[in-house]
Amino acid sequence: MPFNKVAEYGESENILDSAVGLVVKTRQATQAMATTGDDGRKVIKAGSLYTNPEDASDIGVVFTDYDMTDYPAYPIAVVVEGRLKKDKLASAAQAKATELGAIGVRLV
């Protein structure tokens, strides 16, 4: 199924501290991972913690915002190595700083 709907709903946070050494992988996200905003849109925000439901050791940080309202599942970009701004990340991602550091994601 092609994903060809394009719409802007505000700006995505810049979570990168540096692009040097950045590794981003494609992962599958589901609508259940999204939070519902005031406008009813289901969005996975940049800086959110990504945890694979089938493999708890597969973690990372969502690279950019994804609107999941119209899709039950969607491929997303997840940072698995690099330097990210700690103050721009969700509290769940900040709480996993040790685990993220073990895979190469440095929060500065």
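## Surface and charge

The model is a predicted one, in which local features need pLDDT of at least 70 and side-chain atom pairs count only at pLDDT 80 or more, while totals for chains, interfaces and linings use all residues. Residues are numbered from 1 along each chain as its sequence is written, and side-chain values use heavy atoms, with hydrogens and water left out.

There are 12 positive and 15 negative side chains, and the centres of the two sets lie 3 Å apart. For this count Lys and Arg are taken as positive and Asp and Glu as negative, whereas His and the chain ends are not counted; the place of a charge is NZ of Lys, CZ of Arg, CG of Asp or CD of Glu.

## Overall fold

Two helices and eight strands form the secondary structure of the protein, and from the N terminus on they follow the order β-β-β-β-β-β-β-α-α-β. Here helices (H or I, at least four residues) and strands (E, at least two) are DSSP runs, numbered from the N terminus. The radius of gyration is 13 Å, close to the 13 Å that the globule rule gives for 108 residues, so the protein is as compact as a globular protein of that length; the radius is taken over C-alpha atoms, and the rule is 2.2 Å times the number of residues to the power 0.38.

Taken along the principal axes, the box filled by the C-alpha atoms is roughly 35 × 30 × 25 Å. Of the 108 residues, 31% are buried, where buried means under 20% relative accessible area, exposed over 50%, and partly exposed in between (1.4 Å probe, protein chains only). Among the contacts with a separation of 6 or more, 59% join residues 24 or more positions apart, a contact being heavy atoms within 4.5 Å.

Thr51 belongs to strand β4, which spans residues 49–52, and is partly exposed with a relative accessible area of 35%. Leaving out residues up to four places away in sequence, Thr51 touches Met33, Ala56, Asp58 and Ile59. The C-alpha atoms of Thr51 and Val62, which stand eleven residues apart along the chain, are separated by 9.8 Å.

Asp58 lies in strand β5, residues 55–62, and is buried, its relative accessible area being 14%. Beyond its neighbours within four places in sequence, Asp58 is in contact with Arg27, Tyr50, Thr51 and Asn52.

## Two loop residues

Ser48 sits in the loop between β3 (42–44) and β4, yet this residue is buried, with a relative accessible area of 17%. A polar atom of the Ser48 side chain lies 2.7 Å from the backbone oxygen of Lys45. Ser48 also touches Gly60, Val61, Val62 and Ala90, when residues up to four places away in sequence are not counted.

Pro72 occupies the loop between β6 (66–67) and β7 (73–84) and counts as exposed, at 58% relative accessibility. With residues up to four places away in sequence set aside, Pro72 touches Ala29, Thr30 and Gln31; the C-alpha atoms of Pro72 and Gln31 are separated by 5.1 Å, although these residues are 41 apart along the chain.

Val80 is a residue of strand β7 and is buried, with a relative accessible area of 13%. Its contacts, neighbours within four places in sequence aside, are with Val23, Lys25, Arg27, Ile59, Ile103, Gly104 and Val105. Between the C-alpha atoms of Val80 and Ala56, 24 residues apart along the chain, the separation is 14 Å.

Leu22 is found in strand β1, residues 16–30, and counts as partly exposed at 26% relative accessibility. Apart from neighbours within four places in sequence, Leu22 is in contact with Leu16, Phe63, Val79, Glu81 and Gly82. The C-alpha atoms of Leu22 and Gly37 are separated by 29 Å, with the two residues 15 apart along the chain.

Key:
A polar contact is a pair of N or O atoms within 3.5 Å; within protein, one must be able to donate a hydrogen and the other to accept it, and residues adjacent in sequence count only if both atoms are side-chain atoms.
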